[in-house]
Amino acid sequence: MKKTLLTGKLHQARVTHAELNYEGSCAIDQDLLEQSGILEYEQIEIYNIDNGNRFSTYAIVGERGSKIISVNGAAARQAAVGDRVIICTYASFDTDEIEGHKPSLVYLDKDNNIVRTSKDVPIQVA
C-alpha cells in the first residue's frame with residue numbers, strides 16, 4: 001500500500017510577483033528551494049492564506065538570494081503580490097518507507113527570510 005506524505009513546505013511565504021503573461025509555474029528563490037527540498041519542475045500545491053484559494057503548479061528556480069515567490073500564468077489569478085501562501089510538496093511512500101520520514105519545513109517572515117527550519121509540525125493543542 002502507498003501513502004502520500006508531506007515532503008517539503010515553505011510556510012507563510014509572501015508573493016512578490018504575479019505574472020499573468022508568463023509561461024506558467026511558480027518561481028522560488030533557489031535558497032528557499034534548497035532549504036525546503038523542493039526540486040525544479042516538481043509539482044507544488046499552493047494554499048493562499050489570504051483568500052483561501054488552493055491550486056497546483058510546478059516550481060522553477062528563481063534568482064538566488066532574491067526572496068522571489070512569483071506565481072505565473074493562470075496561477076497569477078489565484079494570488080496577488082503581498083498574499084501569504086503555504087507551498088507544499090508531497091510524495092508517495094510504501095508503508096515500509098514511512099517510518100522515520102520527516103518533511104523539510106521552512107518558516108518565513110514577511111520578507112521571505114528564513115526564520116527557522118524544522119522536521120516536525122508542532123502538535124496542535126485544544
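Q: Which residues does D83 touch, not counting residues up to four places away in sequence?
A: This is a predicted model, where local features need pLDDT of at least 70, side-chain atom pairs count only at pLDDT 80 or more, and totals for chains, interfaces and linings use all residues. Residues are numbered from 1 along each chain as its sequence is written, and side-chain values use heavy atoms, with hydrogens and water left out. Contact here means heavy atoms within 4.5 Å. By that rule, the residues touching D83 are A13, R14, V15, N48, D50 and N51.

Q: Where is the place of D83?
A: Helices (H or I, at least four residues) and strands (E, at least two) are DSSP runs, numbered from the N terminus. D83 belongs to the loop between β6 (69–72) and β7 (84–94).

Q: D83 is buried yet has no salt bridge, so how far away is the nearest side chain of opposite charge?
A: Buried means under 20% relative accessible area, exposed over 50%, and partly exposed in between (1.4 Å probe, protein chains only). Lys and Arg count as positive and Asp and Glu as negative, while His and the chain ends are not counted. A salt bridge needs a side-chain nitrogen of Lys or Arg within 4 Å of a carboxyl oxygen of Asp or Glu. For D83, the nearest side chain of opposite charge is that of R14, at 6.9 Å.

Q: Which residue has its backbone nitrogen 2.9 Å from a polar atom of the side chain of D83?
A: Look at the side chain of D83 and find the polar atom there. The backbone nitrogen lying 2.9 Å from that atom belongs to A80.

Q: How many disulfides are there?
A: A disulfide is a covalent bond between the sulfur atoms of two cysteines. The rule used here asks for a pair of cysteine sulfur atoms within 2.5 Å. The sulfur of C26 is 12 Å from the closest cysteine sulfur, in C88, which is too far for a bond. The count therefore comes to 0.

Q: Is C88 buried or exposed?
A: The relative accessibility of C88 is 4%. Because of that value, C88 counts as buried.

Q: Which residue stands opposite C88 in β7?
A: Two strands pair if DSSP finds at least two bridges between them. Strand β4 (residues 43–48) pairs with β7 in the antiparallel sense over 4 bridges. The residue opposite C88 is E45.

Q: How many bridges join strand β1 to β7?
A: Strand β1 (residues 2–14) and β7 run antiparallel. In this pairing, L6 stands opposite Y90. The number of bridges joining β1 to β7 is 10.

Definitions and conventions
Polar contact = N/O pair within 3.5 Å; in protein donor to acceptor, adjacent residues only side chain to side chain.
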